[in-house]
Every structure is written in C-alpha cells, then in structure tokens.
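Thanks for coming. Please have a look at the sequence and the model before I start.

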Amino acid sequence: MLKKEIVKLKSTKDDKFRQELLTNDVNILNEITSTNLFKSLDNNGNGNILKKDIITALESRGILINDPRISDVVNKLKKFKDTEEISSTQFHSIIIKNITLVEKALKGDLIIPDFESFSQKVNIIFDEVKSNNDGQVADYIPQLARVSPENYAISICTIDGQQFHLGDYETPYSVQSTCKPISYALALEEFGEKKVHNHIGREPSGRGFNELTLNKDGLPHNPMINAGAIMSCSLIRPDLNISDRFDYVLSKWKQLSGNKNPGFNNSIYLSEKQTADRNFALGYFMKENNAFPENTDMHEILDFYFQTCSIQIDCSSHSIVAGTLANAGICPITRERVFSPTTTKNCLSLMYSCGMYDFSGEFAFTVGLPAKSGVSGALVIVVPGVCGITIWSPNLDKFGNSVRAVKICDKLVEQFNFHNYDNLIPNIKKIDPRLQKNEDKLEGIMVANFAASQGDLNEIKSLNAKGINLNNADYDLRTPLHLAASEGHLHVIDYLILNNVDPNPKDRWGGTPLDDAKRHE
C-alpha cells in the first residue's frame, strides 16, 4: 500500500494532491510505528496494556512524566484508571502528538540507550560517596554558613532530555560561582570573542579565585574567577538599566533550564554585599588599570555581580543548564537555541582550564571534563555531546570545591569513558553509555571475526594491541579461531594459538575450529 502511494507521489504535479499524499503516507507510517511500539509493551500478548506499562517504559529510558515534551501523553493517560486496559488504537491516540520522542525512547535511539543501567551505576556511586563527611560549609558568607552539610543531590540531563535525579534535587541553593560561565557566555553573545577578550584574559591565574591580581595587560586572568566574572557582568546588556539587566540574566537562566523559573535569594545577596571588601578591592584595582569598558559604573556592576551569584536554582534545573552546554547551546527540553555553538565552545574551553579554582589543572588531568564549582557546594560538569551533570553537597575542600562532588566525578570517569582523552586509549574496562548494552564488546569481536575470515593478520594484531579479547565469541559463539580455521588461514591460526587463545571453543552447534578445518579442507 505504501509503495503505491509513493509511486503516486512521484507522478503527480498537483501540489494540493501531493500534500494530501504526503500526509497520508505520514499517517500510515505513524500507525505502523505505534503498532510496533505497542507490541513491544504488550508483555502478555493479549492485545492490551496498562498506563503504568507506558510510564515505566518511558521513565526507564530517562523520559520523566514531568517532561513538557510528553505533556500530551501524560494528560491523556490521566483519563485512564490504573487497572483500565489500553488497546492498540487507544495507544496510538495517546502517543501520536509525541510519537517521535516516544519512538526514539522505546527503541533505544536516545544518546544513552540503556539509561536504566547507566542510572543504576550512578546510583551506586552516589551511595558510596554519601558517607564522606570531609570538608566544611563555606563560612565567609554568613548565609551560606547556615546551610546544612547533609544536603546531597545529583541530577543528570542528556542532550536528548533524558533525566535522572537522586537526593535533595528539588532543594534550592544559590548558584554562586556557577553563574560565571553563564555570564561569560552572555557577554560573548552580546559583543563577540574579540571585544570580550579585550577586557578579560583567558589563562589560568594560578592564584586564588578572589586574589588581588591582574595579568600583565592589567586585565582579569579569566572569566571563571571573581575579577573576570565582574568584568563579564560589565559586558552584559550595558544598554539597559541595572534592574533590567538582571531581569535579562534571569530570563536566560530560565531558557537554559527548560523554562523553569529561577529564584533569587535576597538574604544571600545582602550577605554577599556585606562581606564584599575583596570584590570591591578587585573592582577598584581594575578601574585603576582602565580595564572596564567606557562609561561603566563600577558600583552598579559589583551590585549586579552579587545579584547573579544570588540566583537560586535546584539541582534538577541546574542539570538542564549543564545539558544545554553539552548540547552546543540548545536546551534539551525545549529544543530552543540559547547560545551559539561558538559561544558554547569558548565557554567550555575556559571551564575546562579554569573552572575549578586552584584545583583546575588537577581536575582537568584526572577527570578531563569542563566543570565549574561554586562555594554553595554546587558543581556543574559537562560531557560534551552526551550530558550535563550537577552535583550539590555543601561541604567544601581547601580549594572551595564540593568534597563529595569531586569524589563522584573521580568515580564517574573511572567507570565511564567520559574523560576528554579516553578515546585515545581503547579501554574495554570503561563503559561507553552511548552504546547499546554489550555493543562495545560485540563490535570488537565482530571486527575480529571478520578480519580472521579474511586472513587479515595485521588487523588481528591491532585488535589484540587494543585489548580486544580474542577468545570472545559472537552471537553464534563463533570465535576468530573458528573463522580462521573455516577459511584455512594458517598464519592467523598460528598467531592466535601463539597468543594463548582457547584451541577448542565450541560454537552454538557444538562445533570446534578443528571441525571447521576438517569440513573445509
């Protein structure tokens, strides 16, 4: 039927008729898709499912019921009782407006296909780190000193909007220095790289985040320390009055977090301002060196900076902000572009080299990811092209970074190949969550089997050097030795035997490499 429609479509010149055919084809494809998806959920094969089957399937793939992209699905499901059966036709009606996302989720076509397994591993790490009570809550700002050190949360948002949350992820906190990458990005969007870096350097300072120091050109070293962040604020919408500038910044945080309204903690703001001697000193130091743009009111800009640090958000929303940076500036939830790819690249580059205070070099070496910490205990980590992660735990180490958050990062890159340079060292002990379950192992052995069947000894040697286990088998339990024996490639057989592969593995039919050699001699 579909083939006939395509033939008609190619032959017709009537635009209206052509559009009708296209619509008809899309409807047919959608019906086929929803039928197949329904079958995948119909565990009993009785032609009916329950709404919990749909919700559980989506949530296990990371698509939560509060995701605005499936609001139509959720609203329609509310009309069904928990025990009420849903037919294939009803299922089609429920998902049709969100069929593309539902299909990608249920087929495992999102960036982390086995999201349930990934989440379970993160959960284990989260629990392992929970008992670490090292460090102390920041006390130089009185309001921060009152935050309970027991607070602990992690949230993850992938570039496809898959989400996972643990702990106190709905408890709001002030963003503090995690506002600095956003302020820098807003300045870049306003004036571009050249103008911004006429006022801000882009090298690690090697000094404390609030150190009274400028670079050799009399500029802040980078936008991730206090002086640089104050300068970034001076470059955000200078055409507006200070209150409208802050409203503009809040609107951008709302866009970044998927239209979730950020808050503002006035007591934190007042506390910041009352303890701001060092920041005022930095402001005067930069003013003395003519670092600010012309016509900058330094006192207003300092006030603006304190306000941006006092923006309030929760861990779940903050992870969407991180996910937007991971997604080249496009919010994973709304699909709205907030920052340009170039702005995002520049922002992530400086987060990578300067985002963790005096610990930035060590963090880049061991974790290898762009990150930004804040003294409220928040830590934002970006895995470019994969996901954003936010961890919140108020106890800080001597550098001002969350103790638990840094420990979680260490464990994440021990288990997953998230480090920026892991791709240079094929390490099958690390998990690539972007692959289907066991895909990495199967892919390696499929390549090895093909090389063995072709007698390609150089490829076999390369795979061995990369750590591929040449004893592994494919779906039919066939090993490289089986394939080499079947095709009579003696030089490959010799190499495999000399490298201590099992000489007598059995495939699914009970056959050994010797059986294959006899059969094909």
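I will go through a strand, a helix and a loop, in that order.

This is a predicted model, in which local features need pLDDT of at least 70 and side-chain atom pairs count only at pLDDT 80 or more, while totals for chains, interfaces and linings use all residues. Residues are numbered from 1 along each chain as its sequence is written, and side-chain values use heavy atoms, with hydrogens and water left out.

Helices (H or I, at least four residues) and strands (E, at least two) are DSSP runs, numbered from the N terminus.

Start with strand β1, residues 153-158. Since 6 of its 6 residues are buried, β1 is largely enclosed by the rest of the structure. Buried means under 20% relative accessible area and exposed means over 50%, with partly exposed in between, using a 1.4 Å probe and protein chains only. On one side of β1 the buried residues are Ala 153, Ser 155 and Cys 157, and on the other they are Ile 154, Ile 156 and Thr 158.

Which strands pair with β1? One is β2, residues 163-167, antiparallel over 5 bridges. Another is β8, residues 387-392, antiparallel over 6 bridges. Two strands pair if DSSP finds at least two bridges between them. Ser 155 has a bridge partner in each: His 165 in β2 and Thr 390 in β8. β1 and β2 form a hairpin with 4 residues between them, and Gly 161 in that turn has a positive phi of about 80°.

Next, helix α10, residues 226-234. Here 9 of the 9 residues are buried, among them Asn 226, Met 231 and Ser 234. What covers the buried residues of α10? The cover includes α9 (180-196), α11 (242-256), α13 (277-288) and α14 (298-309).

Last, the loop between α18 (403-415) and α19 (439-454), where Asn 417 is found. Leaving aside residues up to four places away in sequence, Asn 417 touches Asp 422, Lys 430, Ile 431, Asp 432, Pro 433 and Arg 434; contact means heavy atoms within 4.5 Å. The side chains of Asn 417 and Arg 434 are joined by a polar contact of 3.3 Å. A polar contact is a pair of N or O atoms within 3.5 Å; within protein, one must be able to donate a hydrogen and the other to accept it, and residues adjacent in sequence count only if both atoms are side-chain atoms.

Ile 425 is also found in the loop between α18 and α19. Is Ile 425 buried or exposed? Ile 425 counts as exposed, because its relative accessibility is 57%.
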